[in-house]
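Me: I've got a structure open and want to talk through its contacts one at a time. Can you take my questions as they come?

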Amino acid sequence: DTVEVTGMGRTARSIGVPVISDPKALPAHERLVSFVFAFKYRDAQEMRQVFFQYLSPPQPWTCFLAEPKSNTLLVTERTSVIRTLIDIAAKMDVPDWKKQP
């Protein structure tokens, strides 16, 4: 196991954080990763706001990058937090979500 410490003014993404899009590919141990959330029913910008409020205040390494054309959201966070966000997204990215009780 290797630990890399970044200096002031550098983001964690600048040191090569892995980008993952499949929940099964998330590391079992705690690690900083970027995860690609693809939404079918909800808007990525809207989900960015939900995630941002859920993680408020964000950690220095937390990052949300929405890509409107593909309706995806790239989130950089720890694997335990990503797993929670995956669960939230699964419950919110459903057809007719406003009609759900």
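**Salt bridges, core and rings**

Me: How many salt bridges does the count come to?
Reply: Bear in mind that this is a predicted model. Going by side-chain nitrogens of Lys or Arg within 4 Å of a carboxyl oxygen of Asp or Glu, the count of salt bridges comes to four.

Me: What separates Asp-87 and Lys-91 along helix H2?
Reply: Their side chains meet in a salt bridge of 3.2 Å, N to O. Asp-87 is partly exposed at 39%, while Lys-91 counts as exposed at 60%. Because they sit four residues apart in helix H2, the separation is about one helical turn.

Me: Which residues are linked with Glu-77 in a network of salt bridges?
Reply: Glu-77 forms a salt bridge with Arg-78, with the closest N and O atoms 3.6 Å apart. Arg-78 is partly exposed, with a relative accessible area of 33%. The network that holds Glu-77 links it with Arg-78 and Glu-30.

Me: Is Glu-77 buried or exposed?
Reply: Glu-77 has its place in strand E4. Leaving aside neighbours within four places in sequence, its contacts include Arg-31, Leu-32, Val-33, Leu-55 and Gln-59. The cut-off for buried is under 20% relative accessible area, and Glu-77 comes in at 2%, so it counts as buried.

Me: What polar contact joins the side chains of Glu-77 and Thr-62, in Å?
Reply: The Glu-77 side chain also makes a polar contact with the side chain of Trp-61, at 3.2 Å. For the side chains of Glu-77 and Thr-62, the polar contact is 2.6 Å.

Me: Which element gives the largest share of the largest nonpolar core?
Reply: That core has 19 residues, and among those with the most contacts inside it are Phe-37, Phe-51, Leu-73 and Ile-82. Two or more residues each come from strand E2 (32-38), helix H1 (44-54), strand E4 (72-78) and helix H2 (79-92). The largest share is six residues, and it comes from H2.

Me: Which residues does Ile-82 touch, not counting those up to four places away in sequence?
Reply: Ile-82 is one of the residues with the most contacts inside the core. With the residues up to four places away in sequence left out, it touches Leu-26, Val-33, Phe-35, Phe-37, Val-75 and Glu-77.

Me: What is the angle between the planes of Phe-39 and Phe-51?
Reply: By the ring-centre rule the count comes to five aromatic pairs. Phe-39 and Phe-51 form one that is tilted, with 6.4 Å centre to centre and an angle between the planes of 55°.

Me: How many residues apart in sequence are the parts that this pair ties together?
Reply: Phe-39 counts as buried at 8% relative accessibility, and Phe-51 is buried too, at 0%. Ring pairs also link both of them with Phe-35 and Phe-37 into a cluster. Phe-39 lies in the loop between E2 and H1 while Phe-51 is in helix H1, so the parts tied together are apart in sequence by twelve residues.

Me: What arc do the buried residues Ala-44, Met-47 and Phe-51 cover around the axis of H1?
Reply: Ala-44, Met-47 and Phe-51 are buried in H1. They lie on the same side of H1, because the arc they cover around the axis is only 60°.

Me: What covers the buried residues of H1?
Reply: At the start of H1, a side-chain oxygen of Asp-43 reaches to within 3.2 Å of the backbone nitrogen of Gln-45. As for the buried residues of H1, what covers them includes H2, E2, E4 and strand E3 (63-67).

Me: How far apart in space are Ala-38 and Thr-72, C-alpha to C-alpha?
Reply: Ala-38 lies in strand E2, and at 59% relative accessibility it counts as exposed. Beyond its neighbours within four places, Ala-38 is in contact with Asn-71, Thr-72 and Asp-93. Ala-38 and Thr-72 are 34 residues apart in sequence, and their C-alpha to C-alpha distance is 4.5 Å.

Terms used. Residues are numbered from 1 along each chain as its sequence is written. This is a predicted model: local features need pLDDT of at least 70, side-chain atom pairs count only at pLDDT 80 or more; totals for chains, interfaces and linings use all residues. Side-chain values use heavy atoms; hydrogens and water are left out. A nonpolar core is a set of buried Ala, Val, Leu, Ile, Met, Phe, Trp, Tyr and Cys residues joined through side-chain atoms within 4.5 Å. Buried means under 20% relative accessible area, exposed over 50%, partly exposed in between (1.4 Å probe, protein chains only). Contact means heavy atoms within 4.5 Å. Rings of Phe, Tyr and Trp (its six-membered ring) pair if their centres lie within 6.5 Å; planes under 30 degrees apart count as stacked, over 60 as edge-to-face and the rest as tilted. The arc is that of the directions from the helix axis to the C-beta atoms. A polar contact is a pair of N or O atoms within 3.5 Å; within protein, one must be able to donate a hydrogen and the other to accept it, and residues adjacent in sequence count only if both atoms are side-chain atoms.
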